[in-house]
Amino acid sequence: MIPYATAAEAEAALGRAMTWAEAAWYQYSAAMPDSWLHCHTTFILFVIYTITPLPLVVLEQFAPSVVLPYKLQPRVRLPLAASLRCYMEAACFFPLAVGFQLVSYPVAVKILRTRMGLPLPSVREAVAQLVVYSLLEDYLSYWIHRLLHTQWGYEKIHRVHHEFTAPTGFAMSYSHWAENLLLSIPALSGPVIVPCHITTQWLWFSIRLIEGINTHSGYHFPFSPSKLIPFYGGAAYHDYHHYAGGHSQSNFAPLFTYCDYIYRTDKGYRYHKLKQAKLKSLEENNAEKKGGTTAFDIGKD
């Protein structure tokens, strides 16, 4: 809740006129309790989780010719009922998260030290914080993910997430409750160490969820703007991890590839890509002799 009765008081405290974004923020949040602003995070993530995977799910079911050329495991077609089950089982955690946020708010506000009022952060500040959050979350998640692939961690917790060997966007949040809890630690570590404004926090969790949906989508589009991000793994990188299954000891990092490279846990993936390249070359040579097309023309990248 912003402690100013009028916009004029807010501008007097700022010592300048509010920007259009700050004026809009004042109108929206001036009389709203901070605890409700804190809970907005879950509402925003629920909407993103519900909407973002839908286009590919619908196209795969009703217009497969449009998207199958880009599907990483084209021989695996997930039934619509399985996608809906995945969504429903994962979505049930969101109402619980709202209740948990309300109950834990007095403690969370002291730990996160999230700013709710004015001024809003500059673009430079927000971008710098998002970079820090991404690097820190990626590093910590890498090690938690490796622990989840120990025999005990996999059998007791992580196997739920690996039920989908050819993942779909909804599988991003399809996990054992303990895994969701464990992986929330890296995601929250950045905002705890480098406190931010609540709007930056919303943006951070939204970006992270969209990125996770993308890496679990099961599709690799050559025109994706994510190719411009240095060391970004993407859908093909994480899809191999699911393809390899519970015995996978490769591609643990959720966002970038530097941890797998440094700790040499990308060997299986590199061998897989090399084998794919050889098979593709062999099939192309055979196709040229026969004048046909290869499985790779309509299959896996």
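Buried means under 20% relative accessible area, exposed means over 50%, and partly exposed covers what falls in between (1.4 Å probe, protein chains only). The model here is predicted, so local features need pLDDT of at least 70 and side-chain atom pairs count only at pLDDT 80 or more, while totals for chains, interfaces and linings use all residues. Residues are numbered from 1 along each chain as its sequence is written, and side-chain values use heavy atoms, with hydrogens and water left out.

Now for the inside. A nonpolar core is a set of buried Ala, Val, Leu, Ile, Met, Phe, Trp, Tyr and Cys residues joined through side-chain atoms within 4.5 Å. The largest one has 24 residues, and Tyr-49, Cys-86, Phe-164, Phe-170 and Leu-209 have the most contacts inside it. At least two residues of this core come from each of helix 3 (34-51), helix 6 (80-91), helix 8 (123-148) and helix 11 (198-215); helices here are DSSP runs (H or I, at least four residues), and strands are too (E, at least two), numbered from the N terminus. Helix 6 gives the most, with five residues. Leaving aside residues up to four places away in sequence, Phe-170 touches Tyr-49, Thr-50, Pro-53, Leu-54, Val-57, Ser-83, Cys-86 and Tyr-87, where contact means heavy atoms within 4.5 Å.

Salt bridges come next. The term covers a side-chain nitrogen of Lys or Arg within 4 Å of a carboxyl oxygen of Asp or Glu, and a search of the whole structure turns up seven. One of them pairs Arg-85 with Glu-89 (3.5 Å, N to O). These two residues sit in helix 6, four residues apart, about one turn of the helix, and Glu-89 is partly exposed at 37% relative accessible area.

Helix 11 holds another pair: Arg-208 and Glu-211 lie three residues apart, about one turn of the helix, and their closest N and O atoms are 2.4 Å apart. Arg-208 is buried, with a relative accessible area of 12%, and Glu-211 counts as buried too, at 9%. Shared partners link Glu-137, Arg-208 and Glu-211 into one salt-bridge network.

A further salt bridge joins the side chains of Glu-22 and Arg-16 (2.8 Å, N to O). Here Glu-22 counts as buried at 2% relative accessibility, whereas Arg-16 counts as partly exposed at 37%.
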